[in-house]
Amino acid sequence: MHRSDPAAPPTPLVLLPLPRLGILGGGQLAKMTAAAAAKLGCEVIVLERQEDFPAQSVDTHALIGDWNDPALVARLAALVDVVTLENEFVELAALAAVDERCLFPTRATLAQVQDKLLQKTTFAAAGLPLPRFADAPTREAVRRFGFPCVLKRRRNGYDGKGNATVRHAGELESAWRALDGDHASLYVEEFCDFERELATIVTRAIDGSEARYPVVESVQREHICHHTVAPAALAPAQAAEASAIAARAVAAVGGVGSFGMELFLARDGRLLVNEIAPRVHNSGHYTIEACACSQFENHVRAVLGLPLGSAELVAPAAAMVNLLGFGDGSGVPCGLADALRVAGANVHVYGKSRSSRGRKMGHVTALGRNAQEALATAQRAANCIRFGGEA
C-alpha cells in the first residue's frame, strides 16, 4: 500500500490493466466500497485528509491531502478511470478538475443535492410529496412560516447536525444562534409528526436502469440511526409507493450510483420525502449480507458502467445495529470476542483509531425468519461491544 504527500513529487505507480476507481474520502463508506470494488478486480485509490483512515486497510494507493484542493483532485483523476465520493460535502470547484464523464455522481447532481433548499425545490418540481418548506434568510421569514417548524442549514448538515426544532416563537432566537443564522444560509420546514422513519437505497446506472432495495424502517435516537430492519412492516402498496418515490427522486437529480433516500411515514398515512444522500448510505449496510448484490457492489458497478446486480433479499428479513462510541477513547473494541460467539451475527468494525460519543464505529447485521428474530440476534452481538467511555 502506498501513501503520497501532496507536497512531494508524484510517486510513480505500477498499475495493472484493471478498472481503477478513485474515492474522495477514506471513511467507513469508502472502506466498504473499496472492498466491493476489489471483489470485481478493481484498483482503488483514495484521497483522504489524514494518514489514519478506515479505508487504508483495503485501498491500493492513497493520496493524503485536502479533497477540496483542485490540484490534488486532478492528480487523483489522472490516476483512475472513474472518481466517486463517500460524502456530499466536497466543494464543486474542486470537482471541476474531473472530466464530467468520469465523475459519479456528477457535479450537476451534487449541485442540486448539496444545497438542501435547492434539493427540496427540485423534488417539488418533480411532484414528489414533501413537508411544506421555505427559504429562511431572516428570523421574520421563520415567524411568517409558522410554528412548530424545523430550522435547517442549507449545506453541510448530517446526523441531526445543522437542524433545530422550533416549537414556538420563544425558541426561535436560540435556534437561530445555534445554527449561526446571521452567517449561514438557512431554510425552514414544516414539523412532521411522523409515525415512523423509512429509508431505502436506489442504485441508478448510467443508462437509467436501476436496482431498488427493500424499504427499511430506521430507528433514530438523538438524530443518529441506531438500527434498521428490512423489510419495513408496510402494506405492499405502501412499500411499492415508497420505493417509487425514491426512484423518482434519484432520477430527478440525474443520479448515478447508489443513493440513500430517507422518508417519513406520517401519522395520517402519507409518505413524505425527508432527504437524499448522493452516495452509499448507513441505512443500506445490511445489504452486504442480506441482498444478492450489496449497495456497495452495485455502486461500483453503476459508476463503472457495468450491469447492475439483484437487490433482492436472500432471507425473509434482516436487521442492522450501529455500533456507536460511548465516549472519548480508543477505537479498539472491547468485547469483540464475545460478539463473535453470537451465532448468525455479522460484525463489522470500521477501524477508526479514536472513539467519541455517538460516533459510528461499526455495525452488526443478522438475517432471520422475521425482522424481530434478525434484530434480536444483531442486538445481542452489538450489546457485547463497547468503544470508548466508562465501562
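The dialogue below covers a helix pair and then the cysteines.

Analyst: This is a predicted model, where local features need pLDDT of at least 70, side-chain atom pairs count only at pLDDT 80 or more, and totals for chains, interfaces and linings use all residues. Residues are numbered from 1 along each chain as its sequence is written, and side-chain values use heavy atoms, leaving out hydrogens and water.

User: How roughly do the axes of helix 1 and helix 10 cross, and within what distance do they come?

Analyst: Two packed helices are described by the angle between their axes and the distance between the axes. Here helix 1 (residues 28-39) and helix 10 (residues 295-303) have axes that come within 8 Å and cross at roughly 65°. That makes helix 1 roughly perpendicular to helix 10 (65 to 115 degrees).

User: Which residues in helix 1 and helix 10 meet?

Analyst: Contact means heavy atoms within 4.5 Å. From helix 1, Leu 29, Met 32, Thr 33, Ala 36, Ala 37 and Lys 39 meet Phe 296, Glu 297, His 299 and Val 300 of helix 10. By class, this contact of helix 1 with helix 10 has six nonpolar, two polar and two charged residues.

User: How many disulfides does the count come to?

Analyst: A disulfide is a pair of cysteine sulfur atoms within 2.5 Å. By this rule the count is zero. Cys 225 is in no disulfide, and its nearest cysteine sulfur, that of Cys 291, is 16 Å away. For Cys 291, also in no disulfide, the nearest is that of Cys 293, 9.0 Å away.

Conventions. Axes are lines fitted to C-alpha atoms, for helices over the stretch in contact, and angles run from 0 to 180 degrees between N-to-C directions. Helices (H or I, at least four residues) and strands (E, at least two) are DSSP runs, numbered from the N terminus. Angles under 35 degrees count as roughly parallel, over 145 as roughly antiparallel, 65 to 115 as roughly perpendicular and the rest as oblique. Ala, Val, Leu, Ile, Met, Phe, Trp, Tyr, Cys and Pro count as nonpolar, Asp, Glu, Lys and Arg as charged, and the others, Gly among them, as polar.
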